[in-house]
Amino acid sequence: MNDLFELQTVDLEIVALEEKKNDVPTELIEARQDRKALDDERAAREAERNELQGKVNEAEAELARLRERIKLASSSALQAGTAKEASQFQNQELQFSTRAQEIEEDILPLMEELEGVETKLAALDERLASVVPALEELEEAEQARLGDINGTQKELEAKRDSMAEGIDPTLLKQYDSVRKAKRGLGIVKVTAEKRCGACNVQLPLHVQQKLKRGGDLVRCPSCGRILATEG
Ligand SMILES: [Zn+2]
């Protein structure tokens, strides 16, 4: 029984290590959140920039087409056979020019908006450039921390395996199944008041007698843990 208690001590240490793995440093959690917020904002700004750039490109293409048509109308007016024809082409030229002017006026605020977004993107990149190396350093430290824990855990597991070899397989099997179900203690001592050391239930007389006789594997009738008497 004492061997099993010693093995349980190692098992509890392994459980504690597992829990330690989840203790991610607050500084790292915050740095990850900061980076994610910056990445998200950057992605949103980039989408905004691409949309604006698309609008500017579209307007510029339209403007180029209009300028071609203005040129064509202008030369057609010069080459027109009649005054009526010439004035028709001149009207066309005027129409296209008015439209081109409208588009130029539309492009201007778009360009300004685009510039504003570019400035914000550059500022975000600057902030990322200062946040990312610090985060990477923290991530590295976290990897080292987890590596240490895993190393210790492997050592403990090896120790546990060799300890298990010295324990009666039936007892060990019972212990393992109780631990799996109860997530913690598999074997406990009976208290001086004849209560289960884990769930604190008062042990019935027949259980107490069975313990006193020894030899048999006795389990708590309430929580199922293996019971051991003091000493
Ligand atoms: Zn119990």
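# Around helix α1

Helix α1 has buried residues, and what covers them includes α3 (83-164), α4 and β1. Helices here are DSSP runs of H or I with at least four residues, strands are DSSP runs of E with at least two, and both are numbered from the N terminus. A residue counts as buried if 20 or more other C-beta atoms lie within 10 Å of its own, as exposed if 12 or fewer do, and as partly exposed in between, with C-beta atoms placed from the backbone. Two residues are in contact if their C-beta atoms, placed in this way, lie within 7 Å.

The model is predicted, so local features need pLDDT of at least 70 and side-chain atom pairs count only at pLDDT 80 or more, while totals for chains, interfaces and linings use all residues. Residues are numbered from 1 along each chain as its sequence is written.

Which residues of α1 are buried? They are L4, L7, Q8 and D11. These residues are on the same side of α1 because they cover an arc of only 105° around the axis; the arc is that of the directions from the helix axis to the C-beta atoms. On the other side of α1, the exposed residues are N2, F5, T9 and A16. The helix has 20 residues and reaches 29 Å from its first C-alpha to its last, close to the expected 28 Å. The expected span of a helix is 1.5 Å times one less than its number of residues.

Helix α4 can be checked by the same rule. With 14 residues, α4 reaches 20 Å between its first and last C-alpha, close to the 20 Å expected. Just after α4, R183 takes a positive phi of about 50°.

Next comes the nonpolar core, a set of buried Ala, Val, Leu, Ile, Met, Phe, Trp, Tyr and Cys residues joined through C-beta atoms within 7 Å. The largest such core has 13 residues, and those that touch the most other members are Y175, I187, V188, C196, I226 and L227. Two or more residues of this core come from each of α1 (2-21), α4 (169-182), β1 (187-189) and β2 (226-228). What does Y175 touch, leaving out residues up to four places away in sequence? Y175 touches L4, G186, I187 and I226.

Now consider the whole protein. It has five helices and two strands, in the order α-α-α-α-β-α-β along the sequence. The radius of gyration is 40 Å, whereas a compact globule of 231 residues would have one near 17 Å. This radius is taken over C-alpha atoms, and the globule rule is 2.2 Å times the number of residues to the power 0.38. The C-alpha atoms fill a box of roughly 130 × 35 × 30 Å along the principal axes. Of the 231 residues, 9% count as buried. Among contacts with a separation of 6 or more, 69% join residues 24 or more positions apart.

An automatic or database domain assignment gives the domain bounds. There are domain 1 (13-164) and domain 2 (169-228), and their centres, taken over C-alpha atoms, are 63 Å apart.

Two residues of helix α3 end the tour. P109 lies in α3 and is exposed, because 9 other C-beta atoms are within 10 Å. Its C-alpha is 14 Å from that of N57, which is 52 residues away along the chain. E118 also has its place in α3. Is E118 exposed or partly exposed? E118 counts as partly exposed because it has 14 C-beta neighbours inside 10 Å. The C-alpha atoms of E118 and E48 are separated by 9.8 Å, although the two are 70 residues apart along the chain.
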